[in-house]
Amino acid sequence: MEGNFVYHNPTKLYFGDNAMSHLATELGNYGSTVMLSYGGGSIKRNGIYDAVVEALRQAGKTVVEDPGVMPNPTYEKVMEGARMVRDNAVDLILAVGGGSTIDYAKGVSASAYCDGDAWERFWVNQESPTGRIVPVGAVLTMVGTGSEMNGGSVITNRKAGFKRGKVFGPALYPRFAILNPRFTMTVPQYQMVAGFFDIMSHLMEQYFAGTADCTTDYINEGLMRSLIHASRIAAKNPHDYEARANIMWTATWALNTLLKCGKGGDWEVHQIGHAIGLVTDATHGMTLACVSLPYYRHVMRDGLHQFVRFAKNVWGVNPEGKADEQVAAESLACLEAWMKEIGVVMHSRELGVTEENIEQVADAVLILPVGYRTLTRDEVVDILRKSM
Ligand code: NZQ
Ligand code: ZN
(Lines give C-alpha, C1' and ligand atoms only; values in the text may rest on other atoms or scores of the structure.)
(Ligands and ions follow the chains in the order given, each with its own letter.)
Protein backbone atom coordinates (compact mmCIF):
# COMPACT_ATOMS: atom_id res chain seq x y z
CA MET A 1 0.00 0.00 0.00
CA GLU A 2 1.13 3.52 -0.76
CA GLY A 3 0.06 6.91 0.51
CA ASN A 4 -1.77 8.15 3.58
CA PHE A 5 -5.50 8.15 3.95
CA VAL A 6 -8.36 8.71 6.33
CA TYR A 7 -11.29 6.36 6.01
CA HIS A 8 -14.51 7.64 7.54
CA ASN A 9 -17.96 6.61 6.40
CA PRO A 10 -20.78 7.58 8.75
CA THR A 11 -23.75 6.20 6.76
CA LYS A 12 -25.83 3.67 8.69
CA LEU A 13 -27.19 0.98 6.37
CA TYR A 14 -30.32 -1.10 6.84
CA PHE A 15 -30.04 -3.95 4.34
CA GLY A 16 -32.46 -6.72 3.34
CA ASP A 17 -36.11 -7.32 2.65
CA ASN A 18 -37.17 -6.13 6.10
CA ALA A 19 -34.99 -2.99 5.98
CA MET A 20 -38.00 -0.70 5.78
CA SER A 21 -39.24 -1.83 9.20
CA HIS A 22 -36.45 0.32 10.73
CA LEU A 23 -37.45 3.57 9.04
CA ALA A 24 -40.00 4.87 11.57
CA THR A 25 -37.57 4.36 14.48
CA GLU A 26 -34.68 5.89 12.55
CA LEU A 27 -36.80 8.95 11.75
CA GLY A 28 -37.11 9.52 15.50
CA ASN A 29 -33.51 10.79 15.47
CA TYR A 30 -34.46 13.90 13.48
CA GLY A 31 -36.66 16.98 13.89
CA SER A 32 -40.34 17.21 13.11
CA THR A 33 -40.37 18.43 9.49
CA VAL A 34 -39.29 16.06 6.73
CA MET A 35 -39.01 16.97 3.05
CA LEU A 36 -39.93 13.90 1.02
CA SER A 37 -37.99 14.13 -2.26
CA TYR A 38 -38.67 11.70 -5.09
CA GLY A 39 -38.62 11.33 -8.85
CA GLY A 40 -41.19 11.04 -11.60
CA GLY A 41 -43.68 8.80 -9.81
CA SER A 42 -42.36 5.21 -10.00
CA ILE A 43 -42.57 5.01 -6.20
CA LYS A 44 -46.31 5.74 -6.34
CA ARG A 45 -46.85 2.88 -8.78
CA ASN A 46 -44.80 0.25 -6.94
CA GLY A 47 -46.02 0.92 -3.39
CA ILE A 48 -42.77 2.30 -1.94
CA TYR A 49 -44.32 5.75 -1.50
CA ASP A 50 -47.15 4.32 0.65
CA ALA A 51 -44.68 2.42 2.84
CA VAL A 52 -42.55 5.55 3.36
CA VAL A 53 -45.56 7.75 4.13
CA GLU A 54 -46.76 5.18 6.67
CA ALA A 55 -43.36 5.26 8.42
CA LEU A 56 -43.44 9.07 8.43
CA ARG A 57 -46.95 8.95 9.93
CA GLN A 58 -45.86 6.47 12.63
CA ALA A 59 -42.95 8.78 13.48
CA GLY A 60 -45.35 11.75 13.75
CA LYS A 61 -43.63 13.88 11.12
CA THR A 62 -44.90 16.88 9.19
CA VAL A 63 -44.25 16.09 5.53
CA VAL A 64 -43.25 18.57 2.83
CA GLU A 65 -43.77 16.91 -0.57
CA ASP A 66 -41.00 17.44 -3.13
CA PRO A 67 -41.75 15.37 -6.25
CA GLY A 68 -40.35 15.59 -9.78
CA VAL A 69 -36.61 15.06 -9.35
CA MET A 70 -35.58 14.18 -12.91
CA PRO A 71 -32.87 11.71 -14.00
CA ASN A 72 -29.71 13.82 -14.40
CA PRO A 73 -31.05 16.39 -11.88
CA THR A 74 -30.72 20.03 -12.79
CA TYR A 75 -29.32 22.94 -10.83
CA GLU A 76 -32.63 24.77 -11.31
CA LYS A 77 -34.43 21.98 -9.48
CA VAL A 78 -31.76 22.07 -6.72
CA MET A 79 -32.46 25.79 -6.25
CA GLU A 80 -36.20 25.08 -6.01
CA GLY A 81 -35.58 22.44 -3.36
CA ALA A 82 -33.23 24.72 -1.42
CA ARG A 83 -35.98 27.36 -1.28
CA MET A 84 -38.47 24.79 0.00
CA VAL A 85 -36.04 23.72 2.73
CA ARG A 86 -35.67 27.33 3.94
CA ASP A 87 -39.37 28.23 3.61
CA ASN A 88 -40.46 25.18 5.60
CA ALA A 89 -37.55 24.98 8.08
CA VAL A 90 -36.97 21.38 7.01
CA ASP A 91 -35.14 19.15 9.54
CA LEU A 92 -34.45 16.14 7.30
CA ILE A 93 -34.46 15.56 3.55
CA LEU A 94 -35.66 12.01 2.87
CA ALA A 95 -34.65 11.05 -0.67
CA VAL A 96 -36.60 8.10 -2.06
CA GLY A 97 -35.24 6.96 -5.41
CA GLY A 98 -32.04 6.29 -7.30
CA GLY A 99 -28.82 8.24 -7.61
CA SER A 100 -30.53 11.24 -9.15
CA THR A 101 -32.84 11.83 -6.19
CA ILE A 102 -30.15 11.19 -3.58
CA ASP A 103 -27.56 13.35 -5.39
CA TYR A 104 -30.18 16.08 -5.65
CA ALA A 105 -30.95 15.87 -1.92
CA LYS A 106 -27.27 16.39 -1.05
CA GLY A 107 -27.10 19.35 -3.43
CA VAL A 108 -30.20 20.87 -1.83
CA SER A 109 -28.84 20.31 1.65
CA ALA A 110 -25.55 22.09 0.90
CA SER A 111 -27.22 24.90 -1.07
CA ALA A 112 -30.14 25.78 1.22
CA TYR A 113 -28.05 27.88 3.62
CA CYS A 114 -25.11 28.62 1.30
CA ASP A 115 -23.68 32.15 1.16
CA GLY A 116 -23.18 33.06 -2.47
CA ASP A 117 -23.67 31.11 -5.67
CA ALA A 118 -23.84 27.41 -4.82
CA TRP A 119 -23.04 26.27 -8.38
CA GLU A 120 -19.83 28.29 -8.46
CA ARG A 121 -18.83 27.38 -4.93
CA PHE A 122 -19.49 23.65 -4.94
CA TRP A 123 -19.64 22.32 -8.51
CA VAL A 124 -17.11 24.70 -10.12
CA ASN A 125 -14.64 25.67 -7.37
CA GLN A 126 -15.18 22.41 -5.44
CA GLU A 127 -15.37 24.25 -2.08
CA SER A 128 -16.67 22.65 1.11
CA PRO A 129 -19.95 23.95 2.50
CA THR A 130 -19.64 26.32 5.43
CA GLY A 131 -23.35 26.97 6.05
CA ARG A 132 -25.84 24.82 7.90
CA ILE A 133 -26.22 21.28 6.54
CA VAL A 134 -29.66 19.68 6.60
CA PRO A 135 -29.34 15.93 7.23
CA VAL A 136 -30.17 13.63 4.31
CA GLY A 137 -31.62 10.12 4.59
CA ALA A 138 -32.18 7.70 1.70
CA VAL A 139 -34.51 4.92 0.63
CA LEU A 140 -32.77 3.40 -2.39
CA THR A 141 -34.95 2.15 -5.26
CA MET A 142 -32.42 1.79 -8.11
CA VAL A 143 -28.93 0.35 -7.85
CA GLY A 144 -25.75 1.66 -9.45
CA THR A 145 -24.42 5.01 -8.35
CA GLY A 146 -23.42 4.30 -4.75
CA SER A 147 -24.98 7.63 -3.81
CA GLU A 148 -26.61 5.92 -0.82
CA MET A 149 -23.25 5.80 1.02
CA ASN A 150 -21.13 8.57 -0.42
CA GLY A 151 -20.90 12.36 -0.77
CA GLY A 152 -21.32 12.48 -4.55
CA SER A 153 -23.76 14.96 -6.03
CA VAL A 154 -23.75 15.11 -9.83
CA ILE A 155 -25.77 18.05 -11.12
CA THR A 156 -26.53 19.29 -14.64
CA ASN A 157 -26.42 23.02 -15.29
CA ARG A 158 -27.54 23.55 -18.90
CA LYS A 159 -27.08 27.34 -18.67
CA ALA A 160 -23.44 26.89 -17.68
CA GLY A 161 -23.05 24.02 -20.18
CA PHE A 162 -21.79 21.40 -17.71
CA LYS A 163 -22.79 18.24 -15.90
CA ARG A 164 -20.47 18.22 -12.90
CA GLY A 165 -19.89 16.13 -9.83
CA LYS A 166 -19.11 17.46 -6.38
CA VAL A 167 -17.92 14.99 -3.79
CA PHE A 168 -19.02 16.41 -0.46
CA GLY A 169 -17.49 15.30 2.84
CA PRO A 170 -19.04 12.88 5.32
CA ALA A 171 -21.42 15.55 6.73
CA LEU A 172 -23.35 15.29 3.45
CA TYR A 173 -23.35 11.49 3.18
CA PRO A 174 -26.83 10.11 3.82
CA ARG A 175 -27.08 9.66 7.60
CA PHE A 176 -28.88 6.39 6.93
CA ALA A 177 -29.94 4.39 3.91
CA ILE A 178 -32.64 1.74 3.54
CA LEU A 179 -31.46 -0.93 1.08
CA ASN A 180 -34.17 -3.42 0.21
CA PRO A 181 -33.26 -5.40 -2.94
CA ARG A 182 -36.97 -6.05 -3.56
CA PHE A 183 -37.51 -2.32 -4.09
CA THR A 184 -35.34 -2.54 -7.19
CA MET A 185 -37.37 -5.30 -8.87
CA THR A 186 -39.63 -2.84 -10.72
CA VAL A 187 -36.74 -0.96 -12.34
CA PRO A 188 -37.10 -1.38 -16.16
CA GLN A 189 -34.52 -3.73 -17.76
CA TYR A 190 -32.77 -0.85 -19.60
CA GLN A 191 -32.25 1.14 -16.37
CA MET A 192 -31.29 -2.02 -14.48
CA VAL A 193 -28.47 -3.01 -16.83
CA ALA A 194 -27.33 0.61 -17.09
CA GLY A 195 -26.95 0.46 -13.31
CA PHE A 196 -24.95 -2.77 -13.58
CA PHE A 197 -22.54 -1.12 -15.98
CA ASP A 198 -22.31 1.98 -13.78
CA ILE A 199 -21.11 -0.28 -10.95
CA MET A 200 -18.53 -1.95 -13.20
CA SER A 201 -17.38 1.46 -14.34
CA HIS A 202 -16.90 2.67 -10.75
CA LEU A 203 -14.83 -0.43 -10.08
CA MET A 204 -12.72 0.02 -13.22
CA GLU A 205 -12.23 3.77 -12.72
CA GLN A 206 -10.62 3.02 -9.37
CA TYR A 207 -8.78 -0.11 -10.49
CA PHE A 208 -6.99 1.40 -13.48
CA ALA A 209 -4.58 3.66 -11.62
CA GLY A 210 -1.31 3.15 -9.79
CA THR A 211 1.39 0.50 -9.87
CA ALA A 212 1.69 -0.62 -6.24
CA ASP A 213 0.61 -3.99 -4.88
CA CYS A 214 -2.45 -2.83 -2.97
CA THR A 215 -5.03 -4.67 -0.88
CA THR A 216 -7.64 -2.31 -2.25
CA ASP A 217 -7.18 -3.83 -5.74
CA TYR A 218 -7.81 -7.34 -4.38
CA ILE A 219 -11.06 -6.14 -2.78
CA ASN A 220 -11.97 -4.48 -6.07
CA GLU A 221 -11.35 -7.69 -8.03
CA GLY A 222 -13.64 -9.62 -5.67
CA LEU A 223 -16.40 -7.07 -6.20
CA MET A 224 -15.95 -7.19 -9.99
CA ARG A 225 -16.20 -10.97 -9.99
CA SER A 226 -19.32 -10.93 -7.85
CA LEU A 227 -20.90 -8.30 -10.11
CA ILE A 228 -20.08 -10.16 -13.34
CA HIS A 229 -21.48 -13.40 -11.92
CA ALA A 230 -24.66 -11.91 -10.44
CA SER A 231 -25.40 -9.58 -13.36
CA ARG A 232 -25.41 -12.55 -15.77
CA ILE A 233 -28.11 -14.14 -13.63
CA ALA A 234 -30.11 -10.94 -13.08
CA ALA A 235 -30.06 -9.88 -16.73
CA LYS A 236 -31.87 -13.14 -17.58
CA ASN A 237 -34.02 -13.26 -14.46
CA PRO A 238 -34.45 -9.83 -12.86
CA HIS A 239 -36.53 -11.39 -10.08
CA ASP A 240 -33.65 -13.48 -8.74
CA TYR A 241 -33.45 -12.03 -5.23
CA GLU A 242 -30.01 -13.44 -4.44
CA ALA A 243 -28.46 -11.90 -7.55
CA ARG A 244 -30.21 -8.55 -7.07
CA ALA A 245 -29.17 -8.45 -3.40
CA ASN A 246 -25.54 -9.21 -4.25
CA ILE A 247 -25.54 -6.51 -6.91
CA MET A 248 -27.04 -3.98 -4.49
CA TRP A 249 -24.36 -4.71 -1.90
CA THR A 250 -21.61 -4.59 -4.53
CA ALA A 251 -22.82 -1.22 -5.84
CA THR A 252 -22.64 0.29 -2.38
CA TRP A 253 -19.07 -0.88 -1.79
CA ALA A 254 -18.03 0.05 -5.31
CA LEU A 255 -18.33 3.73 -4.53
CA ASN A 256 -18.32 4.43 -0.81
CA THR A 257 -14.65 5.59 -0.72
CA LEU A 258 -13.22 2.21 0.37
CA LEU A 259 -11.76 1.45 -3.05
CA LYS A 260 -9.74 4.62 -3.26
CA CYS A 261 -7.84 3.91 -0.06
CA GLY A 262 -4.13 3.78 -0.77
CA LYS A 263 -4.37 4.55 -4.47
CA GLY A 264 -5.41 7.13 -7.03
CA GLY A 265 -8.18 6.75 -9.57
CA ASP A 266 -8.90 7.55 -13.20
CA TRP A 267 -12.52 8.80 -13.70
CA GLU A 268 -12.03 9.98 -17.31
CA VAL A 269 -14.72 7.61 -18.60
CA HIS A 270 -17.13 9.36 -16.24
CA GLN A 271 -16.07 12.79 -17.49
CA ILE A 272 -16.77 11.76 -21.09
CA GLY A 273 -20.02 10.11 -19.99
CA HIS A 274 -21.14 13.27 -18.18
CA ALA A 275 -20.51 15.33 -21.33
CA ILE A 276 -22.64 12.92 -23.37
CA GLY A 277 -25.31 13.11 -20.65
CA LEU A 278 -25.25 16.90 -20.73
CA VAL A 279 -25.83 17.03 -24.49
CA THR A 280 -28.22 14.07 -24.91
CA ASP A 281 -29.78 13.60 -21.42
CA ALA A 282 -29.03 9.87 -21.87
CA THR A 283 -29.04 7.37 -19.00
CA HIS A 284 -25.79 7.65 -17.01
CA GLY A 285 -24.70 4.00 -17.13
CA MET A 286 -25.24 3.80 -20.89
CA THR A 287 -23.11 6.90 -21.49
CA LEU A 288 -20.27 5.06 -19.73
CA ALA A 289 -20.87 1.79 -21.55
CA CYS A 290 -20.48 3.22 -25.04
CA VAL A 291 -17.18 5.00 -24.34
CA SER A 292 -15.48 2.43 -22.11
CA LEU A 293 -14.08 0.06 -24.75
CA PRO A 294 -12.63 2.81 -26.99
CA TYR A 295 -11.22 4.54 -23.90
CA TYR A 296 -9.60 1.45 -22.38
CA ARG A 297 -8.22 0.32 -25.74
CA HIS A 298 -6.67 3.78 -26.01
CA VAL A 299 -4.94 3.75 -22.59
CA MET A 300 -4.19 0.01 -22.38
CA ARG A 301 -0.51 0.27 -23.30
CA ASP A 302 0.06 3.00 -20.69
CA GLY A 303 -1.22 0.77 -17.89
CA LEU A 304 -0.36 -2.59 -19.39
CA HIS A 305 0.55 -4.34 -16.11
CA GLN A 306 -2.89 -3.57 -14.64
CA PHE A 307 -4.77 -4.75 -17.74
CA VAL A 308 -2.79 -8.02 -17.56
CA ARG A 309 -3.79 -8.35 -13.91
CA PHE A 310 -7.42 -7.54 -14.84
CA ALA A 311 -7.32 -10.31 -17.45
CA LYS A 312 -5.96 -12.93 -15.06
CA ASN A 313 -7.71 -12.08 -11.80
CA VAL A 314 -11.09 -10.84 -13.02
CA TRP A 315 -11.74 -12.69 -16.29
CA GLY A 316 -9.65 -15.84 -15.75
CA VAL A 317 -7.59 -15.37 -18.92
CA ASN A 318 -4.75 -17.90 -19.16
CA PRO A 319 -1.56 -15.91 -19.88
CA GLU A 320 0.63 -18.89 -20.79
CA GLY A 321 2.65 -18.43 -23.95
CA LYS A 322 1.11 -15.02 -24.66
CA ALA A 323 2.63 -11.56 -24.82
CA ASP A 324 1.35 -9.07 -22.22
CA GLU A 325 -0.39 -7.02 -24.90
CA GLN A 326 -2.36 -10.02 -26.04
CA VAL A 327 -3.39 -10.94 -22.47
CA ALA A 328 -4.46 -7.34 -21.84
CA ALA A 329 -6.41 -7.19 -25.10
CA GLU A 330 -8.20 -10.42 -24.15
CA SER A 331 -9.44 -8.75 -20.95
CA LEU A 332 -11.17 -6.10 -23.04
CA ALA A 333 -12.63 -8.76 -25.33
CA CYS A 334 -14.07 -10.45 -22.21
CA LEU A 335 -15.44 -7.10 -21.03
CA GLU A 336 -17.04 -6.56 -24.43
CA ALA A 337 -18.64 -10.02 -24.43
CA TRP A 338 -20.07 -9.45 -20.94
CA MET A 339 -21.45 -6.05 -21.94
CA LYS A 340 -23.22 -7.59 -24.93
CA GLU A 341 -24.51 -10.43 -22.78
CA ILE A 342 -26.17 -8.15 -20.23
CA GLY A 343 -27.40 -5.84 -23.01
CA VAL A 344 -25.89 -2.38 -22.56
CA VAL A 345 -25.73 0.27 -25.29
CA MET A 346 -22.50 -0.22 -27.26
CA HIS A 347 -22.65 2.87 -29.51
CA SER A 348 -22.99 6.52 -28.52
CA ARG A 349 -24.94 7.32 -31.69
CA GLU A 350 -27.80 5.27 -30.19
CA LEU A 351 -27.81 7.83 -27.35
CA GLY A 352 -27.85 10.82 -29.70
CA VAL A 353 -24.18 11.62 -30.29
CA THR A 354 -23.86 12.82 -33.91
CA GLU A 355 -21.27 14.38 -36.21
CA GLU A 356 -23.10 17.67 -35.57
CA ASN A 357 -22.82 17.64 -31.75
CA ILE A 358 -19.56 15.73 -31.24
CA GLU A 359 -17.53 18.95 -30.80
CA GLN A 360 -20.07 20.23 -28.27
CA VAL A 361 -19.68 16.98 -26.32
CA ALA A 362 -15.88 17.26 -26.48
CA ASP A 363 -16.03 20.86 -25.21
CA ALA A 364 -17.95 19.70 -22.15
CA VAL A 365 -15.43 16.96 -21.20
CA LEU A 366 -13.35 17.75 -18.16
CA ILE A 367 -9.86 16.33 -18.78
CA LEU A 368 -8.35 14.99 -15.56
CA PRO A 369 -4.57 14.64 -15.09
CA VAL A 370 -4.92 11.19 -13.49
CA GLY A 371 -5.09 7.53 -14.46
CA TYR A 372 -2.50 6.07 -16.83
CA ARG A 373 -2.71 8.78 -19.46
CA THR A 374 -3.86 12.41 -19.57
CA LEU A 375 -5.87 12.85 -22.75
CA THR A 376 -5.62 15.75 -25.14
CA ARG A 377 -8.79 17.23 -26.63
CA ASP A 378 -7.97 15.51 -29.94
CA GLU A 379 -7.78 12.17 -28.16
CA VAL A 380 -11.17 12.84 -26.56
CA VAL A 381 -12.66 13.49 -30.01
CA ASP A 382 -11.00 10.34 -31.34
CA ILE A 383 -12.47 8.23 -28.50
CA LEU A 384 -15.89 9.82 -29.05
CA ARG A 385 -15.70 9.02 -32.79
CA LYS A 386 -14.76 5.41 -32.03
CA SER A 387 -17.66 5.21 -29.56
CA MET A 388 -20.22 6.08 -32.25
O1 NZQ B 1 -38.02 9.19 -11.50
P2 NZQ B 1 -38.58 7.89 -11.11
O3 NZQ B 1 -40.02 7.77 -11.35
O4 NZQ B 1 -38.18 7.48 -9.74
O5 NZQ B 1 -37.94 6.80 -12.14
C6 NZQ B 1 -36.57 6.46 -12.13
C7 NZQ B 1 -35.80 7.06 -13.30
O8 NZQ B 1 -36.64 7.24 -14.41
C9 NZQ B 1 -36.44 4.98 -12.39
N10 NZQ B 1 -36.54 4.19 -11.17
C11 NZQ B 1 -35.79 4.28 -10.06
N12 NZQ B 1 -36.16 3.34 -9.17
C13 NZQ B 1 -37.19 2.66 -9.73
C14 NZQ B 1 -37.43 3.19 -11.01
N15 NZQ B 1 -38.40 2.72 -11.83
C16 NZQ B 1 -39.14 1.68 -11.39
N17 NZQ B 1 -38.93 1.11 -10.17
C18 NZQ B 1 -37.97 1.55 -9.33
N19 NZQ B 1 -37.78 0.93 -8.16
O20 NZQ B 1 -35.15 4.81 -12.93
C21 NZQ B 1 -34.80 5.97 -13.66
C22 NZQ B 1 -33.38 6.34 -13.36
O23 NZQ B 1 -33.25 6.78 -12.02
P24 NZQ B 1 -31.94 7.60 -11.60
O25 NZQ B 1 -32.04 7.94 -10.17
O26 NZQ B 1 -31.72 8.70 -12.57
O27 NZQ B 1 -30.80 6.52 -11.88
P28 NZQ B 1 -29.38 6.31 -11.23
O29 NZQ B 1 -29.50 5.70 -9.90
O30 NZQ B 1 -28.57 5.62 -12.24
O31 NZQ B 1 -28.81 7.81 -11.02
C32 NZQ B 1 -28.17 8.51 -12.07
C33 NZQ B 1 -27.61 9.82 -11.59
O34 NZQ B 1 -26.61 9.64 -10.58
C35 NZQ B 1 -25.39 10.28 -10.98
C36 NZQ B 1 -25.47 10.22 -12.49
O37 NZQ B 1 -24.60 11.11 -13.13
C38 NZQ B 1 -26.93 10.56 -12.74
O39 NZQ B 1 -27.15 11.95 -12.68
N40 NZQ B 1 -24.22 9.64 -10.35
C41 NZQ B 1 -24.01 9.80 -9.04
C42 NZQ B 1 -22.88 9.32 -8.40
C43 NZQ B 1 -22.62 9.50 -6.96
N44 NZQ B 1 -23.52 10.07 -6.18
O45 NZQ B 1 -21.56 9.14 -6.48
C46 NZQ B 1 -21.82 8.63 -9.14
C47 NZQ B 1 -22.27 8.11 -10.44
O48 NZQ B 1 -21.13 7.87 -11.23
C49 NZQ B 1 -23.21 9.01 -11.18
O50 NZQ B 1 -22.49 10.03 -11.86
ZN1 ZN C 1 -21.21 6.34 -12.44
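How much area is buried between domain 1 and domain 2, and what percentage of it do carbon and sulfur atoms give? I noted about 2,200 Å², with 63% from carbon and sulfur atoms, where buried area is the accessible area (1.4 Å probe) that two parts lose on being put together, summed over both.

I kept in mind that this is a predicted model, in which local features need pLDDT of at least 70 and side-chain atom pairs count only at pLDDT 80 or more, while totals for chains, interfaces and linings use all residues. Residues are numbered from 1 along each chain as its sequence is written, chains are lettered from A and ligands numbered from 1 in the order in which they are written, and side-chain values use heavy atoms, with hydrogens and water left out.

I then looked up the division of the chain, which gives domain 1 (12-183) and domain 2 (189-387), with bounds from an automatic or database domain assignment. The contact (heavy atoms within 4.5 Å) takes 28 residues from domain 1 and 25 residues from domain 2. Of the area that domain 1 buries against domain 2, Val 143, Lys 163 and Pro 181 supply 25%, more than any other three residues.

Next I checked for charge pairing across this interface and found one salt bridge, the term requiring a side-chain nitrogen of Lys or Arg within 4 Å of a carboxyl oxygen of Asp or Glu. I also listed Arg 158 and Asp 281, whose side chains meet in a salt bridge at 3.6 Å, N to O.
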